[in-house]
Amino acid sequence: MEDWISQLPDEVLISILSLFTVKEACRTSILSHRWKNLWLFHTRILDFDDPDTMRDLSSKREIANWDRDKFVTRVNHILNLHPALTIDQFRVCFDLNKRSERDIGRWVDFAFSKGVKRFELDFSPAYYCKITRRYTFPHERFTCVKNSICINSLTSLTLKYVHVTGELLEHFLSNCPLLERVHVDSSESIVNLKICGSSLKLKYLHIIDCFQVKSIKIFAPNLESFGYVGNIIELQIDYTPRLLDVYIGGLRHHPVNYAFLALSSYLHQLESLTLGICHYDNINIKLPQFQRLTNLRHLKLKVTVRDEESLFDLISLIEAAPLLRKFTLELFSSELQKEREVRKVINYDPNEHLKEVEIVGFVGRAIDIELVVYLLESAIKLEKIVINPCSPYVVGTPWETEEIENNKVVKECAKQLKKYLPLGAEFVIL
């Protein structure tokens with residue numbers, strides 16, 4: 001059989017390869033001599049990810065150094081052959097740590113020497129482990145005047161389970177005129193972070209689960225999205241006139257109320273607000289006096305609760321947003337042992353703007369049934385409600401399908417809520 005595909009021009013074949021991942025494109029090199037080196041030119045996006053291996057490792061709850069070495073060897077092989085003078089994106093997502101420090105350091109050098117625009121290191125562990133030897137981002141490589149790396153092209157920086165200091169992040173912001181996005185997750189080296197500059201292009205700043213942080217100060221005229229999850233800190237937001245999206249998450253005994261004071265000048269302009277609430281101590285979420293979320297369109301609450309508690313104090317947040325169109329609740333339930341009667345909200349104002357409701361982690365107990373009933377009765381023009389009985393922890397993972405199968409009783413309970421549905425609204429149970 002004649003091979004018509006291989007007779008196509010190089011530019012056509014390279015265009016086809018651009019639809020593949022780096023790993024898939026690399027495999028085409030064994031097809032024939034014609035294909036041997038074409039994959040090297042297929043893309044300026046280098047995305048090294050191995051979700052299948054990570055899934056297997058997570059289910060076994062172990063990862064051997066052999067698995068890490070195999071992944072590192074593959075990345076090194078591809079980088080040694082890659083001929084591109086510039087690259088748009090460099091991303092590594094695998095369970096790596098300080099053991100691979102020398103190799104990771106070379107990857108960092110490679111990416112920035114090619115004028116990388118979007119750079120990401122995601123070394124999230126395959127499963128939770130309290131003690132990890134995390135990789136430390138090379139401070140000296142970027143700050144040493146003699147041998148500093150050129151970072152002028154960088155537009156996005158994402159670091160997960162990588163130690164990076166606040167000083168180095170400030171250095172990036174001061175020396176990357178195009179930098180618009182910074183996301184840091186699970187770093188234990190940030191203590192104080194000062195994001196200040198009238199010429200900053202920064203639009204997105206999220207600092208998540210960095211538990212050594214003591215203070216964050218922001219003066220960023222272009223910032224549109226800000227997120228912080230962790231302990232109570234000294235939060236000072238001096239100037240963010242374009243801020244539209246905020247995510248604040250607290251821990252047990254660390255409520256999120258404190259952040260509202262720092263955000264008080266901008267609450268009225270927010271379009272999206274996400275709050276992570278640990279509800280163990282019946283914390284009341286209260287906005288500053290006379291403040292309303294007058295422009296809010298999407299409210300997302302990630303709530304950790306116990307069975308005997310109630311979510312009714314969250315209603316004040318919903319009613320503080322008169323133009324709210326979408327409400328999302330992610331329920332992280334624990335100690336669901338004590339059953340109690342379902343209570344009912346008697347006095348409420350009809351909500352004419354709420355169109356969509358999503359409940360993730362529905363357990364079919366009083367704590368979520370009574371809130372769903374309130375939403376269905378008050379949202380008189382509701383168009384759609386989606387109820388997902390899966391825990392938010394497994395949504396989007398291989399275990400989601402299995403958990404859906406195990407939640408038949410909860411699904412039957414959810415079906416009973418259909419009688420409260422406004423006329424014409426769609427009712428979906430996943």
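Colleague: Why is Asp69 called partly exposed?

Modeller: In this predicted model, Asp69 has a relative accessible area of 33%. Partly exposed covers values between the 20% limit for buried and the 50% limit for exposed, so Asp69 falls in that class.

Colleague: What makes the contact of Asp69 with Arg99 a salt bridge?

Modeller: The closest N and O atoms of Asp69 and Arg99 are 2.7 Å apart. The criterion asks for a side-chain nitrogen of Lys or Arg within 4 Å of a carboxyl oxygen of Asp or Glu; the pair therefore qualifies.

Colleague: Is Arg91 buried or exposed, and how do you know?

Modeller: Arg91 has 15% relative accessibility. Buried means under 20%, so Arg91 counts as buried. Its salt-bridge partner is Asp49, at 3.2 Å from N to O. That pair links distant parts of the chain, with Arg91 in strand β2 and Asp49 in strand β1, 42 residues apart. Asp49, at 27%, is partly exposed.

Colleague: Why are Lys415 and Glu412 said to be separated by about one helical turn?

Modeller: Both lie in helix α12 (residues 408–415), three residues apart, which means a separation of about one helical turn. Lys415, at 45% relative accessibility, is partly exposed, and so is Glu412, at 42%.

Technical notes:
Residues are numbered from 1 along each chain as its sequence is written. This is a predicted model: local features need pLDDT of at least 70, side-chain atom pairs count only at pLDDT 80 or more; totals for chains, interfaces and linings use all residues. Side-chain values use heavy atoms; hydrogens and water are left out. Helices (H or I, at least four residues) and strands (E, at least two) are DSSP runs, numbered from the N terminus. Buried means under 20% relative accessible area, exposed over 50%, partly exposed in between (1.4 Å probe, protein chains only).
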